[in-house]
Amino acid sequence: MQGLPASIDVERFTEARAYEIDAMQKAIKTAGESVTHRVWQTLPRHLRRRAASHDVRRVPLRLRDKARAEMVPVTRRILKRGRSKQGKTKQVSRTESLLKRQRDKTWLETHIWHAKRMKMENMWGYRLAVTPTEKSFRPSHRASMHGSILHDSSYHSLIELKGPEKILRSVLDFCCDPQCTGMKRSMSGARVLETDLYKPRSYPFDLIAPVTIMWRPLPVGNTSALTNVSPAEGSSKRKRKGKNNVLTDTTQQSPERAVWVRTHPAVFDDIFAALQGSTSLVLEAEKQRHKDVHAEVEIADLRGSINAFEIMGPKASQVIKGALSSVVDDNRQEFKKFWPSLTDLPTTASLPRGIVIGMKVLDPRLKFPPKNAKLRTDGQPVTSEMTFPAAILAQSEIWDEEKRSVLKKPTYKKKDLDARRSKNLVPGMPLNPVRQDDRIPLLLIQRSLESPSSTHGIHGWTLVFPAGWGMPFLPSLIHTGTRVGGQRERGTQAFEAGTAYFPRDFPCTEFYDKHWDERAVKEKAKWNGTPPAKRANYKKLGTRSPWRADWEVVLGLPVTSGVDENLVPAQRGPQDAMQVDKAPTVRPWLFRGPEVPTILAKVTQNFNHGAGLLAEINRLRTKRGMDVLDASYRPEDLLKGALVMVRLKMVSRGAPNDLAIIYRIDDVEAKKITKEKGKTREGVDANESPEAAPPHTSIIGYVTAGNMSLSRGEGFAIGAVPVSVLLELQQQAQRNEESCPLVKIRDRAGMVCRAAYLDLLDS
């Protein structure tokens, strides 16, 4: 003990032995992991690969030597064998083999990245990602509400129309929803317009699909003329239009414009045909009006020319600001104010809806790996300037086809940029852009999923950029923790926001029927493959149509059989044919739009609801220069065939599933539910119905999307009911002094009816 110091300086002693302590900790950790874990098991989940246990090439380079040592010698010997040597004439390049696999479908540019991490299916002529392979339902929802989530929506169809401005405006008026009020303000190009598209002059029937309309901004010299003169002139001339949509001005005074119509890929042919038909009607009317004036409209298919990423969530702005770098020579004062303010933007909900930002950015690979822009956390109030829509702010070269064709293929490959990066004196520093580097034009479009009276909206950006740049952009946008979603995540976002999702929630459309027919085939095949003791007996449960919504019963239309629905007649009698022949011709149609609550309020004030609805429909048609509906459409038939979207909120417990049945309730039962609301008896919900399933005559609608809502913490559903039934339910709620009508919901495989509040989805 002699010679030892009386005291010790712990800090100096630790610094002197730091190397030994660190080596001992690493040895302990390595020894423990080597016994219980393989190399690939020590990786984080997002870096693990299915084949990593037997293929060292699936392990990161820094761990391959150790993984190779852990492999069984037999497996190692097998992997050393190369591919069987084939003759030069039989060898197929990797590019040819990949193209061969795309004969009956199209791959997105990010297909290989998604195929390694997601479950893929053939949809609408594409091979698309459905959902991530890892458990991600709740994390994806949290990302959309508190972080950011990206979806590659490049599969959406894009149609371009070029021609005189007034001609294009008339073309869109003939086939777009007359209720949309943003057409005039979107013509400057500063905003996009989201509306529904119908067959020409068919409103309110023949709904095709929702579309997004984008106008190309006029050059800077003509922008002021458009914003200052056109709206006033358009409003006065719109009033002087006759029934045949006669144009009051010649096309020679109308500037040449371009319009993009973006829609779902499954209805591309229908949308294209509708735009062609509307164009033919407008040009024919213009030819009769001005015989000496020749007008042309060019309609082009731009599928495959434009890519689009949807980045949703409150951190979407910081992700974009951190991953992209704008060019230095952008001298627009509006853009110089907007781009710095993107850092302190907590959510895009504070921006005007549908605002368009045009810009040009550097190759995002130059600054890889990126860092998200940081929100200010010093406690000082953020004083960022408000950004208002402006045509000069929406200017972008992405509208130019020549510019897009030049950028079809990036100038530098990843290996070229890596070679430049290896020459940096300080590793990890971003590359300095040179003159030969690409400058990519793009559009930033504000995107919101929200209903008028809901507080559960989801907001973000739609990033539109030229084709060929999908993979250069994707790694930079997801490197900082942005999740990637598929079709399931995109549909869940619309459900949580309380908005309709096409085609799932759009009855009375052609693709809705096709979508649910395909889904019914899959579900019925799964049901048939399940043992009878383990599957629901829909016949005993009293479910009339378990595989798809039976809208004929809901609307009260004549059914094919003239007897009880649960019985199948042995032969068809002549009385059935007579009844079908005498049945009125009722066309089912979906009534939706921003003015639906106002129109229904006016209809309620009329004694004859059908006549009031017909008058409002004719008013909307006349507003867009269309003729009134033919006299063959009786008011009672128009009202009988009308469906309207609704949202359903459970009174107490329960979460309805897809294709749940909506039943009406009488005043006595409604008062009983109101009285016992929130009460329970002996652990059983007071709203449970002990009796058998209600009769088919009390069915008033179906749930198109239902589940437990994570943002609401309770059951939520979106469905559809007839307009006539909705008016009756509203009158019943007024009698019972309820704020919303009450209905009952029963799952198709359930035995319990639960009470729910029903309200208009568009309100």
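This is a predicted model: local features need pLDDT of at least 70, side-chain atom pairs count only at pLDDT 80 or more; totals for chains, interfaces and linings use all residues.
Residues are numbered from 1 along each chain as its sequence is written, and side-chain values use heavy atoms, without hydrogens or water. Local features need pLDDT of at least 70 and side-chain atom pairs count only at pLDDT 80 or more, while totals for chains, interfaces and linings use all residues.

Start with the whole protein in cartoon view. The secondary structure comes to 26 helices and 23 strands (DSSP runs, H or I of at least four residues for helices and E of at least two for strands, numbered from the N terminus). Of the 763 residues, 47% are buried (under 20% relative accessible area, 1.4 Å probe, protein chains only).

Next, select the open sheet of five strands, ordered β6-β7-β8-β5-β9 with antiparallel pairing (two strands pair if DSSP finds at least two bridges between them). β6 (192–198) and β9 (298–301) stand at the edges with a single partner strand each, so one side of each has no neighbour in the sheet. Inside the sheet, eight bridges join β5 (residues 157–164) to β8 (residues 256–263). Pick lysine 162 there: its bridge partner in β8 is alanine 258.

Now show side chains for the largest nonpolar core, which has 94 residues (buried Ala, Val, Leu, Ile, Met, Phe, Trp, Tyr and Cys joined through side-chain atoms within 4.5 Å). Ile213, Ile271, Leu275, Phe591 and Leu613 touch the most other members. Strand β16 (residues 642–650) gives the most to this core, with seven residues. Finally, select Phe309, Ile320, Phe465 and Leu474, which are among the 36 residues of a second, separate core.

Key:
Buried means under 20% relative accessible area, exposed over 50%, partly exposed in between (1.4 Å probe, protein chains only).
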